[in-house]
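Reader: I'm new to this one and would like to learn how to read it. Could you walk me through it, a feature at a time?

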Amino acid sequence: MPSRRVLRAAPAAVALMALPLIAAGEPATKPVTVEPLVVQLPVLTPRMDCAALAGVDVSAEVGAGTGITSAGAATATPGYPVCDVKGVIAPQIQFEVQLPTQTYRQRYLQTGCGGLCGSLAIRVQAAEGCVPVTDGTFAMASNNQGHVGGGTADGNFGTDPQARIDFAERADHLTALAAKALITTFYGQRPRFSYWDGCSQGGHEGLTEAQRYPEDFDGILAGAPASITTELNAFNQPWLARVDFDAAGRVILPATKLAPLHDAVMSACDGLDGLVDGQLDDPRTCGFDPGRLACPGDTDTPTCLTRAQVTVVRKIYSGAVTDRGEHLYPGGQPYGSELAWAGWMIPFTPAAPQNSTVAWRIGNGWVKYLAFDRNPPLSFSLNDLAFDRPTFQRVRQLAGFYDAIDPDLSAFRRAGGKLILWHGWADQAIPPTGTVAYYQAVQDRMGGLTATQQFARLFMFPGVLHCGGGTAPNTFDLLTPLMNWVENSTAPTKVVATQSNAGTIVRTRPVFPYPLAARYTGTGNINDATNFVATPPERPNQDHFPWLGRFEGSHR
């Protein structure tokens with residue numbers, strides 16, 4: 001690799017305080033402005049009383065029995081008045097639609113859920129500062145993904161074949177039909193533009209819509225998508241859930257070791273992108289081996305790793321593999337994500353039980369109730385799961401049912417749809433390499449990068465954890481760029497992410513469509529996005545990740 005000049009910023013431990021280049025008391029960065037929409041659609045007012053929607057039957061439009069359970073005046077979370085409508089699509093798809101009564105501008109936004117869903121809430125992701133969200137431009141809706149759960153990791157609905165179908169694809173499609181029918185009834189016309197926004201399982205849902213119901217949405221925003229969901233939940237999460245416990249159920253790597261591990265990773269790899277700034281622009285370039293932290297004489301101390309702990313860390317980085325080293329999912333947890341392992345796969349305290357982690361709860365719920373065509377005995381748990389080829393092939397029988405990994409987006413492209421994928425490079429829950437590998441598969445199928453970027457673009461955010469957060473710029477608006485792309489044919493060429501400390505912006509950084517990366521110009525404050533330019537990789541990225549699966553269409 002050619003040598004590169006490495007510039008250093010303040011250590012991450014000082015929370016990215018302003019560098020000496022900025023005068024005392026002066027903000028580290030300029031305020032970030034979001035480019036407004038070119039077209040401002042006129043406001044439509046309701047043509048009927050809100051309460052009257054309780055008597056409306058949209059079953060014919062939905063194609064399934066649909067009942068409205070309530071309709072009444074309410075106030076949306078941002079503070080604008082809405083007509084809040086709740087209903088049920090048979091057998092148990094609960095949905096909610098919020099119809100602005102004073103500010104609706106002919107746009108519809110449907111949002112996804114997280115984990116294994118099971119509850120009803122409208123959640124907007126990756127839209128920080130998006131004015132159409134905060135001022136009531138959108139009619140909005142969401143659903144419970146076809147079942148009522150005891151938490152977002154509760155998979156027992158999988159004992160019902162119909163609930164599996166609703167979770168896999170039916171709930172979102174029918175909710176879109178129901179919401180658009182209610183919008184048409186309430187305002188007198190269909191929405192001009194329809195959008196999807198979701199992260200994690202919500203990102204998976206967005207890709208399912210693009211692949212199976214390509215005319216439902218004009219624009220889809222899919223973040224950190226759990227789209228390789230069968231393999232993610234049947235192998236990657238169980239692998240993480242089991243990796244930190246010995247045969248007696250005792251914790252091997254305590255959460256207190258994660259900070260020194262992270263510091264060692266950053267010390268070894270932070271400068272590989274040419275700038276020591278507390279973030280890894282692409283963790284795949286890091287070759288850190290946790291054996292470098294091995295305890296002398298294997299004597300455990302707070303800042304070193306025992307041999308057993310080194311093995312745990314190596315397994316977390318590698319991801320789920322067979323005993324022959326074959327990947328059961330495209331990738332493992334990325335370098336730079338270590339601080340977020342606590343709670344996900346490393347218990348917060350050594351005394352915590354194995355089932356206390358998120359990875360256990362999701363993985364166990366999946367393998368007991370959703371992974372197999374016929375569920376195993378109720379006594380089965382993820383500790384009984386084998387990481388081998390036969391089990392992989394058995395689980396893969398349902399991959400075409402659950403997964404959203406069809407690289408053929410021809411129908412979505414023909415419908416005029418626009419797709420923005422995004423993922424955090426430090427995601428502790430869903431390996432970002434899976435999203436990069438899927439995007440490569442789309443390019444292979446759709447005619448290459450240039451052809452793909454005409455309708456689908458990927459943004460990778462350095463240092464960002466699962467669906468947000470992290471020690472790098474982690475707040476951004478991708479919904480406004482998506483709207484500009486759909487409505488004005490202006491493709492997004494840059495997104496500026498911000499990082500704040502105590503309410504003050506301390507860093508802004510541009511993120512460009514993958515595979516472009518942000519590179520420092522060499523002059524000016526490194527905390528200011530204006531001092532970075534888009535740069536292609538020095539050599540082509542190797543995004544065809546070798547794993548036992550393949551990217552293919554559904555076989556429902």
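Author: Let's start with disulfides: a pair of cysteine sulfur atoms within 2.5 Å is called a disulfide here. One example joins Cys295 to Cys304, with an S to S distance of 1.9 Å.

Reader: What kind of model am I looking at?

Author: A predicted model, where local features need pLDDT of at least 70 and side-chain atom pairs count only at pLDDT 80 or more, while totals for chains, interfaces and linings use all residues. Residues are numbered from 1 along each chain as its sequence is written, and side-chain values use heavy atoms, with hydrogens and water left out.

Reader: Back to the sulfurs, then. How many disulfides does the count come to?

Author: Five disulfides, by that distance rule. If you number the bonded cysteines of the protein chain in sequence order, the pairing reads 1-2, 3-4, 5-10, 6-7, 8-9. Cys130 takes no part in a disulfide; the nearest cysteine sulfur belongs to Cys199 and is 16 Å away.

Reader: Is Cys130 buried or exposed?

Author: For that you need the scale: buried is under 20% relative accessible area, exposed is over 50%, and partly exposed is in between, using a 1.4 Å probe and protein chains only. Cys130 has a relative accessible area of 0%, so it is buried.

Reader: What is the handedness of the link of Cys295 and Cys304?

Author: Right-handed, with 95 degrees about the S-S bond. Another disulfide ties Cys113 to Cys117, S to S 1.9 Å. That link is right-handed as well, at 65 degrees about the S-S bond, and both Cys113 and Cys117 are buried.

Reader: Which disulfide links distant parts of the chain?

Author: Look at Cys269 and Cys286, whose sulfur atoms are 2.0 Å apart. Cys269 sits in helix α6 (residues 258-269), and Cys286 in the loop between β9 (275-276) and α7 (307-318), so to speak distant parts of the chain, 17 residues apart. Those labels come from DSSP runs, numbered from the N terminus: helices are H or I with at least four residues, and strands are E with at least two. The torsion about the S-S bond of this pair is about 65 degrees, so the disulfide is right-handed. Cys269 has a relative accessible area of 5%, so it is buried; Cys286 is buried at 6%.

Reader: Now the helices. How do I read the angle between two of them?

Author: Axes are lines fitted to C-alpha atoms, for helices over the stretch in contact, and the angles run from 0 to 180 degrees between N-to-C directions. Under 35 degrees counts as roughly parallel, over 145 as roughly antiparallel, 65 to 115 as roughly perpendicular, and the rest as oblique. Take helix α3 (residues 161-187) and helix α4 (residues 201-212): they pack at about 75 degrees, with axes 10 Å apart. That makes α3 and α4 roughly perpendicular to each other.

Reader: Which residues make the contact of α3 and α4?

Author: Contact means heavy atoms within 4.5 Å. From α3 come Phe167, Ala168, Glu169, Asp172 and His173, and from α4 come Gln201, Glu205, Thr208, Glu209 and Arg212. By class there are two nonpolar, three polar and five charged residues. Ala, Val, Leu, Ile, Met, Phe, Trp, Tyr, Cys and Pro count as nonpolar, Asp, Glu, Lys and Arg as charged, and the others, Gly among them, as polar.

Reader: And how do α5 and α7 cross?

Author: At roughly 170 degrees, with the axes of helix α5 (residues 229-243) and α7 coming within 10 Å. So α5 and α7 are roughly antiparallel to each other. Trp239, Leu240 and Val243 in α5 meet Val312, Lys315, Ile316 and Ser318 in α7. That contact has five nonpolar residues, one polar and one charged.

Reader: What about the strands: what is the order of the sheet?

Author: Two strands pair if DSSP finds at least two bridges between them. Here nine strands form an open sheet with mixed pairing, in the order β2-β3-β4-β6-β5-β7-β8-β10-β11. β2 (66-75) and β11 (456-461) are the edge strands, each pairing on one side only. Inside that order, β4 (residues 93-100) and β6 (residues 138-143) run antiparallel, joined by four bridges.
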